[in-house]
Amino acid sequence: MPVIAKTLTDREVRNLKKDGFYNVGGVVGLYLRIVQPNKYWVLRYKLPESKRRDFQFAKYSDLSLKDARSKAQSYRDLVNQNIDPLDWQHNKVQEICLEERTAKIATKTFRVVAEEYVQHLVDIGQYEENSRELKLLKGRLKKHIYPVIGNQLFEKITHQQVGDVLLPLTNTQPALCKKVRQIIGQIYKWAIALGLTKHEAPTDYKVLKHLLPRATISVKHNHPMLPVKQIPEFMADLHSRPSTSARCLEFAILTAVRSYNARSAEWTEFDFEKNLWIIPAQKMKKGDLNGKHTVPLSKQARELLMAIKDETEQLSRYVFASPVGHSILSDASLKTVIVRMHNERLAQGLSGYVDPNEKTNKGVPRIATPHGTARATFRTWAQDDELGNDKRFSAKVAELCLHHKIDDSYNGAYERNEAMKSRKEMMQAWADYCYSKCEGEPNDKRQTSEL
């Protein structure tokens, strides 16, 4: 039988002064805890198969003895039901916070929530202030989304209203239409993840397709690439150009990576002792599935980096930082390099840098792109039968160099480290071919202050 404590009066409780725990009676386990100059109400209890716990639930000054006994009894009733009052209270607080947040967001417009989302991206470091990517996101919100749903209540936006946002872009700018829908969806997913709302994103394509006109049939184009035979001549031309954009494009081609990966490359990603560039999974297009991408550095790629390292490393964490603001170069800057080179060739009466297999609606060959030249040309070279590469190199190793997923009967054996030796050999052979018409050493120092 537990010892029944004396039931103290208000006056007796008020006169307690020394630090310690005092059983005030009236409810089993109700104590007054004194830590001068403060006093607290505490319920001491023990659940089956658990240690004793002290639940400090209120200040003495905030709750009278009578009310403290009433509150303690309600907690004691929970204990009798084998419910932990501490856990119960925590869950209750969480529910109240969620209700408050839900009530708060019910009065917010889409613009307000979207701006909180954008600030969140900056706070976690996904975007830097004044970066081109952040300006692009804000620009799309301001130009395409806010005019239609910016002032609408976030909780009340429907698929029909999202359809009104997308309607002007559906056939004229299908890629942008898809991007705008993704932006709206990401804002809702963020709000749901934070418990700000239970409102599902009104961006389900299966619904939206019934609200938008059927997309006009368009011919799908690949990224224009340079013919393999023209690469050495192109790289010699590119190698002679002094701009940061030219160096970034040259590096992208040497490493067969996407434009963004080269433009966002950071010095901390390089292991110069092992001659490796380790691109984090979050920067890769399929990083959630294929993980990080380890790129073996050829002699030429390493020398390119070392030639600019001392000059640029102190200015920015980015290897090929823009001379203006030292942030990431824009994708357009790399495209501009090729267009300028192409136009100069035409002015000299020479053939331009085009893909003869990719043509405009008027039948004119399209100008090569950074993506097509760095990746599609590399992949074609890796199996070129005139060069003998179809017998020299493995197609699966080439796919790994491009960070493509390999499904084979060896259960991904090519994805293990054994493939790194083959990948190093392939990337070095590619660099040697690229520089086969370059004059001078590839590590010649050049000024990189101009775009």
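**Reading sheets, helices and confidence**

Mentor: Let us begin with an open sheet in which four strands follow the order 1-2-3-4 with antiparallel pairing. Strands (E, at least two residues) and helices (H or I, at least four residues) are DSSP runs, numbered from the N terminus. Two strands pair if DSSP finds at least two bridges between them. This is a predicted model, where local features need pLDDT of at least 70, side-chain atom pairs count only at pLDDT 80 or more, and totals for chains, interfaces and linings use all residues. Residues are numbered from 1 along each chain as its sequence is written, and side-chain values use heavy atoms, with hydrogens and water left out.

Trainee: Which helix lies across strand 2, strand 3 and strand 4?

Mentor: An angle is taken between N-to-C directions and runs from 0 to 180 degrees; axes are lines fitted to C-alpha atoms, for helices over the stretch in contact. Helix 2 (residues 65-80) lies across strand 2 (30-35), strand 3 and strand 4, and runs at about 25 degrees to strand 3.

Trainee: What is the strand order in the open sheet of three strands?

Mentor: The order is 5-6-7, and the pairing is antiparallel. Strand 5 (270-271) and strand 7 (293-296) each have a single partner strand, so one side of each has no neighbour in the sheet. Two bridges join strand 5 to strand 6 (residues 276-279), and F270 stands opposite W277 in strand 6.

Trainee: How do the axes of helix 10 and helix 14 cross?

Mentor: Angles of 65 to 115 degrees count as roughly perpendicular, under 35 as roughly parallel, over 145 as roughly antiparallel, and the rest as oblique. The axes of helix 10 (residues 244-255) and helix 14 (residues 331-347) come within 9 Å and cross at roughly 90 degrees, which means helix 10 is roughly perpendicular to helix 14. Contact means heavy atoms within 4.5 Å; here S245, A246, C248 and L249 of helix 10 meet S333, L334, V337 and I338 of helix 14.

Trainee: What is the average pLDDT of the protein?

Mentor: The pLDDT is the predictor's confidence in each residue, from 0 to 100. The protein averages 86, and 88% of the residues score at least 70. Over residues 409-417, however, the pLDDT is below 50.
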